[in-house]
Structure formats: C-alpha cells, structure tokens
Amino acid sequence: MSRKNLALSRRKFVLTASATAMSSILLKGCMGNPPEDQPAVSGSPTVAAGSGVKAGEEPEVKTAKLGYLPIVESAPLIIASAKGFFAKYGMTDVKVEKQANWGAARDNVKIGSGGGGIDGGQWQMPMPYLITEGIITDGAKIPMYILCQLNTQGNGIAIANKHKGKNVGLKADPKYFADLKASGNRFKAAYTFPKANQDFWIRYWLAGNGIDPDSEVDLLTVPASQTVADMKRGAMDAFSTGDPWPYRIVADDIGFISALTSELWQAHPEEYFAVRQDWADKHPKATKALLKAIMEAQQWCDDFKNRKEMTAILAQREYFGVPEKVLEEPLMGKYNLGERTIDDPQQSVLYWKDKRGSVSYPYQSHDLWFLTESHRWNFLDKGQYESAKALISKVNREDLWKQCAQEIGVPASDIPSDKSRGIEEFFDGVKFDPANPEAYLSSLKIKRV
C-alpha cells in the first residue's frame, strides 16, 4: 500500500472510530434516560445483577421456570426478566415461558420444572386453590403458595358488532337475550378458562343484569389469543379476557367493549403470582428473591413514564406479538370502546397501587370472594366452601409479601395492616362483606346454591 493510501486509511479509521465512540455515548445516554418519544432498548437492564442480594440472602438456586399468558396481567413477570429485576436478587437464570393456554399452564405446573413444566407463574383466581385441592388436576393435589396479586383491572367484555345499539352495555337488557334464545340464536359468550376470573366477570355482568348465564346464554372456553379470530368469523357474540385482546376487536372493527372490569368492580383483584409449595419450601430464599423482583417490577410498571417502554417490550414477538398501538392506549387508560370512550389512567391496568391502596398485597378477603363466588355457581361443594378460610390460611402467603416489602424498603404506610380490604361493592349495588360472606350469597338473585 502506498504512503498516500496508508495515510487515507488511517484517517478513515480515526474518523470511523470517533463516530462509533460518540454513537455509543449517545446510545448509553438514551438507554439510561430515554426521551419521551423514543423508548429505551427493549430488555435493557435497569439494575446491576446481584445488587439487591445481601450477605446471607443468596438464593439456593439461580433458576426458576415461570409461566405466563400474553395478556397485560403478565407484565410484572416479563418486566422482571427484561429489566433485570430477577438478576438483581440473584435469580440470574429465570425462564419466563409463554403458555399456549390456561390448560397448558395447569398441566405444566402439575408436572413441575423437573418434568419439563414450570414451578409457578401467573394465574387466574382461584386456580391456585383448585390446583391445590386437585379440582382441576384430575384429583392430583399440587399444593400452591399465592405470593402476590399481579394487577387490578385491564380486562373487558367485548361484544360483536352485530349487537351494537341493542342495549348490550354495562347495563344490558335481559329481554334482548331472551329474544335471542327464543329465536334459536342463543347469545354465545366466551372466557379463557372455566371456573376462574374471566368466567366470573362475564357471569357477574350477566347475572347483575338479571340474565342467567347458565340458562339464557351459551358459555364457551376459548384461548385468549384465539378470541379475536373466532369473533371475526362469527363463532361467538362476546368474550371476557385481558388487554390487548378486547381492545384489538375495536381497532380491527370487529366489535365493541360493553364494559371494562373496572366498571363492574373498581380496583378489583385480577390475577396472581403463585408457585408450587414444594418448590418454595425447598428454596425459601429463592422464593423471596422472585417475589422481591416482581414487586419491584410492579412499581416500575405503575410509573406511567415507563409505559411507552413497557409497551415496546410487551409487543415483541417473543412476548405478546402484537402491534404496539393496540397496547399503548389501553396501558395509558385511553379506551375507544366502540360506542363510547374513556380517558382515565385510573381505569387502566394497575400493578402496585390504586385508589383502595395496595394492588400487589394478596388480601385474604379477596381470596374469600373468589371461593364464595365459586360456591355461588356450584364450582365448589358445600364442604369445600366451608373449609375455605382454613384453606386460604395455608395457600395465601401474605406474610412473605410483608417480609419482602419491608426488606426492599416499601414505606410502612404502603404495607396493609389487615388481611381484609373490607367491604367491596359491585356495579349492581351488591356488597360483599368478608366478615359475612353468607349475607352476600343470600342477597344474590341468580345463583346455583
């Protein structure tokens, strides 16, 4: 190479290297403090691995397998992995694995990670209780621990466009459903798993409007990711599930949303983080490490300044695999319901705090409502229901939540002092007093007991 060409090559190298270094500095700055219109690189760690582990608190293992479904309830698990919160507490090899449906999640926790399944993860309620008692696992009792509530709200009841203008809103017309039944075209309503949250929401909405969900409509079980396609081809009239699926039918002009679950029961309990009891008992420090990571992820998710980045992470193919636009607006509390709009962050999915206080703390009174509602629809027999409080005391580990909250520095004012959140009120005026669940059952006009 000539001296002239050599000089040019050196000069090119210096300029290129300088540009690369400057780009790295700019990128590093963006990742540390992303501008409003450009989220940080999805999955970039927020904290240093191991920085939250104190001497003597090192987890017994660094790995765990946790299952999730691609709905907004799963965000704390995904964010804890993507943003480095698991690693912060020494759990550097946590596998957050997408489940095909709730039945697959149930089957995978039944066999555990040792058999190729999972150690725990995201659950509709009262699935951890039904699994513990063998009610949905073919009689095989797999004791579970509930460690925290993952979120409140973020769900809706979506209705096919052909029912627009037919009074099928939050307050629905029972005559319309009776007329459909008489014509031989019974209203078909779907949920993602029987005897759990989303089954309960659609049942409560119907019964609260004087419509018997067992005799006036047909109830179907459909995986969340299949609901949009099934409604588009006319296989169902309604479905109850978590965002982004209800919102997507509006975006795709397939249907509208009759009610958000926040309208059915403001600040209601939604889905939970629970693990196998045997795994937790064998790995108590690792269990607390997982819980601390998820609690910090919940706080991160509840900062609305992070929701743009959160949208970018969840929308990725490996997690939800949906366009960002169908996630971002619901996460900000902006809902185009098809027949009306809502713009209220307090109506969106919340993960850490709401108007009633703590979201993450697993109130035992909420577990009692789910088990009481299970008895209402005869999903639990009388004997199972009568032992509900004893069962809750074994499955619900609110004591571990409080320990972890104190250890990660949660202010005392944000740590509930009572296992009960008190009286709950629903959209139809019915009230649930955890101190007297029998009065709740007696007040209900439509029930199976």
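**Strands, sheets and spaces in a predicted model**

Modeller: Strand β5 (residues 155–160) and strand β9 (residues 255–260) pair in the antiparallel sense, with five bridges between them. The model is a predicted one, in which local features need pLDDT of at least 70 and side-chain atom pairs count only at pLDDT 80 or more, while totals for chains, interfaces and linings use all residues. Residues are numbered from 1 along each chain as its sequence is written, and side-chain values use heavy atoms, with hydrogens and water left out.

Colleague: What makes β5 and β9 a pair of strands?

Modeller: Strands are DSSP runs of E with at least two residues, and helices are runs of H or I with at least four, numbered from the N terminus. Two strands pair if DSSP finds at least two bridges between them; β5 and β9 have five, and therefore they count as a pair. Within this pairing, I157 has A259 of β9 as its bridge partner. On β8 (residues 238–242), β5 also has five bridges in the antiparallel sense, with N155 standing opposite G242.

Colleague: How do you know whether β5 is mostly covered or mostly open?

Modeller: A residue is buried under 20% relative accessible area, exposed over 50% and partly exposed in between, using a 1.4 Å probe and protein chains only. Six of the six residues of β5 are buried, and the strand is mostly covered. In a regular strand the side chains alternate between the two faces of the sheet. In β5, N155, I157 and I159 lie on one side and G156, A158 and A160 on the other, and the burial of these residues leaves both faces covered.

Colleague: What makes helix α13 largely enclosed?

Modeller: Eight of the nine residues of α13 (residues 307–315) are buried, so the helix is largely enclosed by the rest of the structure. The buried residues are R307, E309, M310, T311, A312, I313, L314 and A315, and what covers them includes α2 (75–82), α12 (284–301) and α14 (325–331).

Colleague: Why is one space called a cavity and another a pocket?

Modeller: On a 1 Å grid over the protein atoms alone, a cavity is a set of points where a 1.4 Å probe fits but cannot get out, whereas a pocket is an open set with protein on both sides within 12 Å along at least five of seven lines; lining residues have an atom within 4 Å of a point. The structure holds one cavity of 30 Å³ or more, and the largest cavity has about 30 Å³ of space. Its lining includes Q149, H268, D354, H366 and R421. The second largest pocket has about 150 Å³ of space, and among its lining residues are Y204, A207, G208, R376, D428 and K445. Helix α7 (residues 197–208) gives the largest share of that lining, three residues.

Colleague: How many residues of each class line the second largest pocket?

Modeller: Ala, Val, Leu, Ile, Met, Phe, Trp, Tyr, Cys and Pro count as nonpolar, Asp, Glu, Lys and Arg as charged, and the others, Gly among them, as polar. By that rule the pocket lining has five nonpolar, three polar and three charged residues, and the lining of the largest cavity has five nonpolar, four polar and two charged.

Note on methods:
Grid points are joined across faces, edges and corners, and a volume is the space filled by probe spheres set on the points. Contact means heavy atoms within 4.5 Å.
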